[in-house]
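Please keep the structure in view while reading.

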Amino acid sequence: MKAEYQEGCPQRDSVEREEYTGARSARAREDKERDGADLLERILDRNNLNRAYKQVKRNHGAPGIDGMTVEEALPWLREHREELLNSIRDGKYKPNPVRRKEIPKPDGSGMRKLGIPTVIDRIIQQAIAQQLQPIFEPLFSDGSYGYRPKRSAQQAIRKVKEYAKQGYTHAVEVDLSKYFDTLNHELLMNLLRRQIHDERVTGLIKKYLKSGVMENGVLCKTEEGSPQGGPLSPSLANIYLNEFDQEMESRGVKVIRYADDIVVLARSKRAAERLLESSRNYLEGKLKLKMNAQKSRVVSVVAQKYFKFLGFALGKNGGGIYIRAHRKSFVKAKRKLKELTCRSQGRNVRKVMENVKVYIRGWLGYYYIASMKRILQNWNEWLRRRFRMYIWKQWKKPKTRIRNLRKLGVSDGQAYQWGNSRLGYWRIAGSPILKRSITNEKLALAGYYDFPAQYEQLRKLHLYD
């Protein structure tokens, strides 16, 4: 006899419970997979690894402690691929220590310690970072701009400008002492485990954190920090400081952050001073970081002498608040241009012009949003004079100078007079005779880069970004 299930029937209740439990288990399984339970397989997927290798190759970079170059990595991977992947899956893979390298800080305030992983470890780290991004990206604050897709330093300073126009005229410049070297491993791992349910992945990340640093042939343990230099480090740094972003956001505080460069905005100096203290309490108390007491301070956002964020500053005139490059950024750039056009290097002037072009294009590609038309025009005249001086120095002997001046259309008398002049190189370079002979047009034909024109083009191109 066929069973009929009626209301309150035990058989039907049992079946419904089983169906509900099965559906709930399926949903939990889907949620778990979506949140990263099978994350390691996605990391080790052939397409993901190929993409990681190509990115590491594009980045170039120096070898790690094993001396293997990026070019040598591909043949090695072809030969040892399965062995490498199986060791990672089995949890037996042991990352190499990173190689310590020191580079000057951009502001010249000291040396920055980098940790350079081996090429194979860089590829694995890049593969991990690529799969962490879709998990954590939706969780990040809107005020975070560093190392995130379709976000930039230019957008960050524009946001500061936008808030300044709304009346947030004071800023807390938060300076973290050795941030990348002081991340608390336990806190970081707890943050990762909230979203990553594949223990093999969290275990692998922990191994990278604990892999150590090789410095002057001595292996040093890493009990804290995530050394700068590996592809995974920026992602972990963002995940860690996202806690600060979210805390401030929950309090209604305006925070703009690019990696460990943080600006907290307020409408008054008094409010900013309170935020300085509350930021210190959270960063040092909750996140176990260290704020630099001397460099962390309250400033007006339009105080060009004091406010500096990502190499930019804000100014204020009759037209309102505008973005400018910070004076230190100008000083550094001009020092580099002097170095590139040093007259004693003995290179062909066309090669020197090419080197200058490469540097200025990169510099403008970053600072194009700054209002600096007049400054660049002055630089243009100064740089042309530097090249005239460079060419004059290369001519060396009076007879060579006389001959070349004649070729450029200078009369015999003037060519003889200037060719034998004992005036210094810089004075000669600014003389009317060299401006008439080595004209702007002739410099352009030799390869001189008209960077003020390029600046204007970039401004128009990014007008509506």
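A residue is called buried when its relative accessible area is under 20%, exposed when it is over 50%, and partly exposed in between, with a 1.4 Å probe and only protein chains considered. Helices (H or I, at least four residues) and strands (E, at least two) are DSSP runs, numbered from the N terminus. By these terms, strand E6 is mostly covered, since 4 of its 5 residues are buried.

The model is a predicted one, in which local features need pLDDT of at least 70 and side-chain atom pairs count only at pLDDT 80 or more, while totals for chains, interfaces and linings use all residues. Residues are numbered from 1 along each chain as its sequence is written, and side-chain values use heavy atoms, with hydrogens and water left out.

Strand E6 belongs to an open sheet of 4 strands with antiparallel pairing, in the order E6-E7-E3-E8. Two strands are said to pair if DSSP finds at least two bridges between them. The edges of the sheet are E6 (254–258) and E8 (297–300), each of which pairs on one side only. On average, neighbouring strands of this sheet are turned by 25° against each other, direction ignored. Such angles run from 0 to 180 degrees between N-to-C directions, and the axes are lines fitted to C-alpha atoms, for helices over the stretch in contact.

Which strand is the partner of E6 over 5 bridges? This partner is E7 (residues 261–266), and the pairing is antiparallel. Within the pair, Lys254 stands opposite Leu265 of E7, and Ile256 stands opposite Val263 of E7. The hairpin of E6 and E7 has 2 residues between the strands, and Ala259 takes a positive phi near 60° there. Helix H6 (residues 153–165) lies across E6 and E7 and runs at about 160° to E6.

The view may now widen to the whole chain. The chain contains 19 helices and 10 strands, and 45% of its 465 residues are buried. Contact means heavy atoms within 4.5 Å. Of the contacts between residues at least 6 apart in sequence, 70% join residues at least 24 apart. The C-alpha atoms fill a box of roughly 125 × 60 × 50 Å along the principal axes.
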